[in-house]
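Please open the model in your viewer and keep the sequence panel beside it.

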Amino acid sequence: MFFAGQQAAGETFPVHLQKRNAETGEVQTEVRQWSPKETAIVVCDMWNQHWCKGATARVGEMAPRMNEVLTAARDKGITIFHAPSECMKFYENHPAHKRALGIPADETVKNTLGGEKWNGGLPSEKDKKYPLDQSDGGCDCEPKCKGGQPWRSEIAALMVDENKDFVTDSGVTIGSYLKQHGIKNVIVMGVHTNMCVIGRPFGLRQQICLGNNTVLMRDMTDTMYNHQRSPFVSHFKGTDLIIEYIEQYICPSMVSADFTGKERFYFNGAK
Ligand SMILES: [Zn+2]
């Protein structure tokens, strides 16, 4: 385990990867040594507010630990992209957003991603069954929350370093920066695993399309899943199922322990 500040410049750090055999689902683990200079984190949609009260509360519960992860990663020299989609107005005058706006778009990246496009599935997912019925939007509350778009910014508990971090919701911008700076390893965290994390223009599938070593931080995520829908398991078991799907058909996962040196994060309701 490594701790913040423990590492000298130029050194690598270990990441404990977990994936699953595409045919059998068998768990496979592997330890890789990554260079901080070749590694970035993308924080997906950790909004200040969601239309679902339960989802908003879980983001609030997870954010302090995620901030610890980001602090430790930043201290190592890892590049951090805050990507609160549809909230760029809030960051209009923020140095971290202005610097992101100055990143030139790479034509190859742009063409590979097809612009700012959602990705609905990789070839490796062809004919695979999504493990959750999320067709009702995934609100797990009683009474049900009304939809809407109340998000305005990233949750304030996540510190944005004005001098080091970037704020952008552009997949082309993030992908271009990674390519221009020789960053090959991309850790995606945030919400919601089964929707935005997997499908956004900067999400897991598009990172795979760019050929990046893509990893989901599986204890720093949450799903939109209603336990009253198929497969009728608890909310947190639903998250586990989508993580298993990702590990089997999309990319490996890791836990925050590789950065914090603490036990992985669990939501109170999941213990
Ligand atoms: Zn709700």
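In which loop does Pro231 lie? Select Pro231: it lies in the loop between E7 and H7, where helices (H or I, at least four residues) and strands (E, at least two) are DSSP runs numbered from the N terminus. A cis peptide bond joins Ser230 and Pro231, with omega about 5°.

Two conventions apply throughout. The model is predicted, and local features need pLDDT of at least 70, side-chain atom pairs count only at pLDDT 80 or more, and totals for chains, interfaces and linings use all residues. Residues are numbered from 1 along each chain as its sequence is written.

**The whole protein**

The protein has eight helices and eight strands. Its radius of gyration is 18 Å, close to the 18 Å that the globule rule gives for 271 residues, so the protein is as compact as a globular protein of that length. Here the radius is taken over C-alpha atoms, and the rule is 2.2 Å times the number of residues to the power 0.38. Of the 271 residues, 44% count as buried; a residue is buried if 20 or more other C-beta atoms, placed from the backbone, lie within 10 Å of its own, exposed if 12 or fewer, and partly exposed in between.

**The nonpolar core**

Next, select Ile41, Val42 and Val43, the residues with the most contacts inside the largest nonpolar core, which has 61 residues. Such a core is a set of buried Ala, Val, Leu, Ile, Met, Phe, Trp, Tyr and Cys residues joined through C-beta atoms within 7 Å. Helix H1 (residues 53-76) contributes the largest share of this core, eight residues. Leaving aside residues up to four places away in sequence, Ile41 touches Leu70, Ala73, Ile78, Ile80, Phe81, Ile187 and Met189; contact requires C-beta atoms, placed from the backbone, within 7 Å.

**Helix H4**

Select residues 171-180. Eight of the 10 residues of helix H4 are buried, so H4 is largely enclosed by the rest of the structure. Its buried residues pack against strands E3 (39-44), E4 (79-83) and E6 (185-191), and against helices H2 (95-101), H3 (107-113) and H6 (204-209). After H4 comes Gly182, whose phi is positive, near 65°.

Phe13 stands opposite Trp34 in E2. Six residues separate the two strands of this hairpin, and Gly25 in the turn has a positive phi of about 80°.

**Helix H7**

Select residues 235-249. Helix H7 has 15 residues and reaches 21 Å from its first C-alpha to its last, close to the 21 Å expected at 1.5 Å a residue, the expected span being 1.5 Å times one less than the number of residues. Among its buried residues are Ile242, Ile243 and Ile246. The elements that cover the buried residues of H7 include E1, H5 (193-199) and E7 (213-222).

**Backbone exceptions**

Most residues other than glycine have a negative phi, and most peptide bonds are trans. Finish at Glu142 and Pro143, joined by a cis peptide bond with omega about -5°. Glu86, although not a glycine, has a positive phi of about 65°; it is found in the loop between E4 and H2. Asp127 likewise is not a glycine and has a positive phi of about 65°, and its place is in the loop between H3 and E5.

Conventions: Two residues are in contact if their C-beta atoms, placed from the backbone, lie within 7 Å. Two strands pair if DSSP finds at least two bridges between them.
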